[in-house]
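User: Please take a close look at one part of this model, the contact between two of its chains. Keep it brisk.

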Amino acid sequence: MSMPFDEHKPIFLQIKERIEDQIVNDQLREQDQIPSTTQLVNFYKINHLTISKGISLLVDAGIIYKKRGVGMFVAEGAKQKLLEQRKDVFVDGYIVPMMQEAGKLGISESDIIALMKQVKGSGRNEL
Amino acid sequence: MTFKNRIAQVASDSAKYHLSVAAWFIVVVSIIYIVLGSIFTTNDFTPSGFMAFIYRPAKIFSLIYAISATGSFLTFFVRHGVTRRDYFFGTAIALVLVSFAIMIIAAIIASIENFIFPAAESVSFFGSSGLALAAIAEYSLNIICYYLTGWLIATMFYGYDMLRKNLSILGAALIVIMLSMLWGESGFEQSITKMFNPHSPWELSLAISILGTLLLIALVLWIIRAFTKSITIKMK
Amino acid sequence: MSYETAFHQVNMTYGNFQALKDISFRLEEEKIYGLLGRNGAGKSTLLSLLAAYRKPSTGTVTIGGQEVFENSQLMSQVALSYNTDYSEESDKVKDMLDAAACYRPNFDSSYAEHLVKQFKLPRDKQVKKLSNGMKSALNVTIGLASRCPVTIFDEAYVGMDAPTREIFYRELLEDHARHPRTIILSTHLVSEMDYLFEEIIIIKRGRLLMQERSDQFLELGVSVTGATQVVEDFVRGMKRLSTRQLGGTTSVRIYGELSEMQHKEARKLGLELGNVSMQDLFIHLTEEEDTDDVQK
């Protein structure tokens, strides 16, 4: 079964992110058909209004496109687009909170770099 | 699907089920008849043959069948999207068909019996075909009335209050009394008739009896329709 | 033809008891509706009116503008599945399916066979000998395979175990996607069915409490989590659904939408805002307010 959803974040955004994740991870490749709304509803046990809301964000962003009567597909260049978007939010989403947390714990910048090298060396960063 | 088809569908499904139960009834009565017939000599035992023998049990069978089947059929049909109106007309058609079918089958059995054992002393109506038809008509009409009596009781017990349940029993008694007055029967029914009208030996002509019975059937059907028109279906 | 369904000022009275009071609402075609209410709220009565099992005391129940009661055309297009008493049903499973196939114009026998396999229904077994879960599965099979433009399931899951209910919900969604139709599911098990509903209708003590799209309904509730004192100050004057406390952290679910201002303020105060489940909202909205009655 699926991972539980974070109750502090709108579900439709989390749906959108999960589909994006699958594209970034190559579980869904360009021109692949993505699961239908009904399949997603059945899988996530989330209302189809919510699922549709998440999907329409992806359609609006040009990540996926709809073929009438056939289904929805991953758009050409979707992965590239997502990677760029994610790089844009990487600083805000990860670096800033990390440095805030490090500040609370009194971890210096050089310590952070050392820790990063240590994690990389141990292989714990592998997905 | 047009609603005329619906009535035909209800009629044929009801009749099929009713006949399948009636077939068992006829088989059982036939066996009893043969057993009794072999134990007792013909002289002691029902000189008037199978048809007269099955007639009384057939009335009771129709009454009980109607009482026991009405509720579940009503629920079944409405649950499957059939209107009360279509249920009513379909059931009415089926019961007429089955009542005649029972007596026609009985007549066939009786004529086979008559063919095998041409009992000289038995008061057989097979002397004339007109008499046979009259007997089939009389018995069938009576059976229809008994079925209707059961239908009426079951309808009131299905969807109505204590007062109307009791009234339906009273109505049933009235129907039976009316029938015995119309057909001047012997035995139990006649003694009731005599209670009400001790001086009159009822000698009605067949035409009047049939006409009266048809009127009675129409009246009871009208009452049943009135009470099933908007009846609430039990969600059980 | 249109299968838009409407209740218009419907009252239903049994003797002195008023089971439904002035109910009016409309159901658009081809949507899945959740009819929510506590036991005895009037869910079954309401649904039995739609299926023409009874006539409203006053008011009208219409489909496509025509009254349903005793309308031959419409009644054949409405299917109601409920927890049926089959204790005297000597027919076999296959007989019941055949009967439904005869009377339901859109009945799909091959889909019924598919459902029989999914639910592992024994075709040759007498219905009265089935377990309660199997009886419900049979009702659901007939209800779905009938493909009626108005399909009603009144607590049709009774007796089903969790995996069977799962099959029911999945098949319902999939068949609805293939053959869109109005489906009404009445339930008080909101938590496991909430994702099925496009719109919900809540009735309470025979009255219509609300009809809302489910996503909009969910926005009626917010959970506020943070340091106890900060949370308490923030939610003062708001309608509280429930409070949970762990150490110095408190999580309060409130009823009502927050303004943009309040959202900003919550962020400034370091409060986490979250979702509230349909179940929580439902429980709150249908609580029996005995104290209110005393005051009235």
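**The interface of chain C and chain A**

C:Glu166 and A:Lys45 join their side chains in a salt bridge, 3.0 Å from N to O. The term means a side-chain nitrogen of Lys or Arg within 4 Å of a carboxyl oxygen of Asp or Glu. By this rule, the interface of chain C and chain A has one salt bridge.

This is a predicted model: local features need pLDDT of at least 70, side-chain atom pairs count only at pLDDT 80 or more, and totals for chains, interfaces and linings use all residues. Residues are numbered from 1 along each chain as written, chains are lettered from A and ligands numbered from 1 in written order, and side-chain values use heavy atoms, without hydrogens and water.

On contact (heavy atoms within 4.5 Å), 22 residues of chain C meet 14 residues of chain A. About 1400 Å² is buried between the two chains, with 47% from carbon and sulfur atoms. Buried area is the accessible area (1.4 Å probe) lost by two parts on being put together, summed over both. In chain C, the most area is lost to chain A by C:Tyr195, C:Glu198 and C:Asn275, together 40% of what that side buries.

Now the elements. Helices (H or I, at least four residues) and strands (E, at least two) are DSSP runs, numbered from the N terminus. Helix 6 (162-178), helix 8 (214-218), strand 11 (221-227) and strand 14 (272-274) of chain C each supply at least two residues of the side that touches chain A. Helix 6 of chain C gives the most, six residues.
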